[in-house]
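Hi,

Here is the structure I promised to pass on. Have a look at it first, and then read my notes below.

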Amino acid sequence: MTRLMIVVAIFGLFLLYTPLAVVAADMHGGVTMGASSVCDNGTFNIQLDWGETVIPDLKKFMCYGTARLRAPAIKTKSVEACFKLRDPLHICMNKAITYSQEDPPTSGPHRPAWPKYGEYYYLPTQRWLHSLEHGAAVFLYNPCADTAQLTQFTSVARSCLRRHIITPYALPPETPFAVVTWGCRLMISSVDANEIRSYLRKHAIKDAPEKVSADGQYSFWLRQAATIVSDINDAVICPP
C-alpha cells in the first residue's frame, strides 16, 4: 500500500467517525458528566434547585398541614405513558432549570453531578433526571400518601434494582405514586407490586441512552443508600 493510499484511508476514517464524536459531545451541550469545581461540585448553590433561598418548601417532602391520603377502596388501573425525548443537556449551577413538559418529566436538561442511588428525604428533579439517563428508576410519592401503601411502594423499589431513587414529589392526590424511567412513567393510584415489576422489567435500564451503574457525587439529604439486588449492573430486574 502506497503512502498516498494510507493517508486517504486515515482521512476516510476521520470523516466516518468524527461526526459520531461530535454528536456524542453535543448531546450534553459540551458540558462533561460528573462533579467539577467550575460547574457543579454537588454541594455549591444546590438551593437553586429547591426554588427557595435556604431550605425547600416543607410541603415538598413532608405531610405538612394536610390530612394523610387513604388508599382507594377500589383499585384503578395505573396509567403508563411514554413521551418525546428531550435533549439531556448538562446545566451548571449558575443557571436555573425549569420544566414545562409532562409532570413529572421523563427526560430533559439536568445537573452534571448525578445523585447516589437510594432513598432521599428530598431530591430535586434536576438531580434525579440525570439518574434516569443512566438507566435508573425513580420512585416518586406524595408526602401525604397512605403509609401502608408507601411501605409497599418503597419495598418494591429496593427489591427490584440497585439503580433506584426514592423521593417525595408534589403528585396529585388521585395518583400519589409514580415510577419514572427514561422517556416513560407509570402513574399509580393504588400500589400493585406486580404491576410495578412488570413496568420495570419493560423500561428500566434498557430504555436509557447511558448505562452507568456507578454512584454519583450528589448525596445531600440521602436517607438510605441503595444496596445490590442482582449485581452491580442490575443484570436481573426484580429477581424472583
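Let's start with Glu 119, which lies in strand β2. Keep in mind that this is a predicted model. Is Glu 119 buried or exposed? Its relative accessibility is 7%, and buried means under 20%, so Glu 119 counts as buried. Its side chain makes a polar contact of 2.2 Å with the side chain of Arg 158. If you set aside neighbours within four places in sequence, Glu 119 is in contact with Tyr 141, Arg 158, Ile 166, Trp 221, Leu 222, Arg 223 and Gln 224.

Gly 118 also belongs to strand β2. This glycine is buried because its relative accessible area is 0%, with the cut-off for buried set at under 20%. Leaving out residues up to four places away in sequence, Gly 118 touches His 164, Ile 165, Ile 166, Leu 222, Gln 224, Ala 225 and Ala 226. One more pairing to look at is Gly 118 with Thr 167: they are 49 residues apart along the chain, yet 8.9 Å separates their C-alpha atoms.

**The largest pocket**

Glu 119 turns up again here. The largest pocket is lined by 15 residues, and those nearest its centre are Glu 119, Tyr 141, Pro 143, Leu 150 and Arg 223. Two elements give two or more residues to that lining: β2 (118-120) and α3 (147-160). Which of them gives the largest share? That is α3, with four residues. The space in this pocket comes to about 250 Å³. Sorted by class, its lining has nine nonpolar residues, three polar ones and three charged ones.

**The second largest pocket**

This one has a volume of about 200 Å³. The residues lining the second largest pocket include Asp 49, Lys 60, Asp 103, Tyr 122, Leu 123 and Pro 124, and also Trp 128, Pro 168, Tyr 169 and Ala 170. Thr 125 and Gln 126 are part of the lining too. By class, that makes seven nonpolar, two polar and three charged residues. Which helix gives the most to this lining? The answer is α2 (residues 125-133), with three residues.

**Helix α2**

How many of the nine residues of α2 are buried? Nine of nine, so to speak a mostly covered helix. The buried residues include Thr 125, Gln 126 and Trp 128, each of which also lines the second largest pocket. Others among them are Arg 127, His 130 and Glu 133. The cover over the buried residues of α2 includes the strands β3 (137-141), β4 (164-168) and β5 (177-181). After α2 comes Gly 135, which has a positive phi, near 105°.

**The whole protein**

Now for the overall picture. The protein has four helices and seven strands, and from the N terminus on they run α-β-β-α-β-α-β-β-β-α-β. There are 240 residues, of which 46% count as buried. Take the contacts between residues at least 6 apart in sequence: 74% of them join residues at least 24 apart.

Cheers

Definitions and conventions
Residues numbered from 1 in each chain as written. Predicted model: local features only at pLDDT ≥ 70, side-chain atom pairs only at ≥ 80, totals over all residues. Heavy atoms only, no water. 1 Å grid on protein atoms, 1.4 Å probe; cavity = no way out; pocket = protein on both sides within 12 Å on 5 of 7 lines; lining within 4 Å. Points joined across faces, edges and corners; volume = space filled by probe spheres on them. Nonpolar A, V, L, I, M, F, W, Y, C, P; charged D, E, K, R; others polar. Buried < 20%, exposed > 50% of the residue type's maximum accessible area, 1.4 Å probe, protein only. Contact = heavy atoms within 4.5 Å. Polar contact = N/O pair within 3.5 Å; in protein donor to acceptor, adjacent residues only side chain to side chain.
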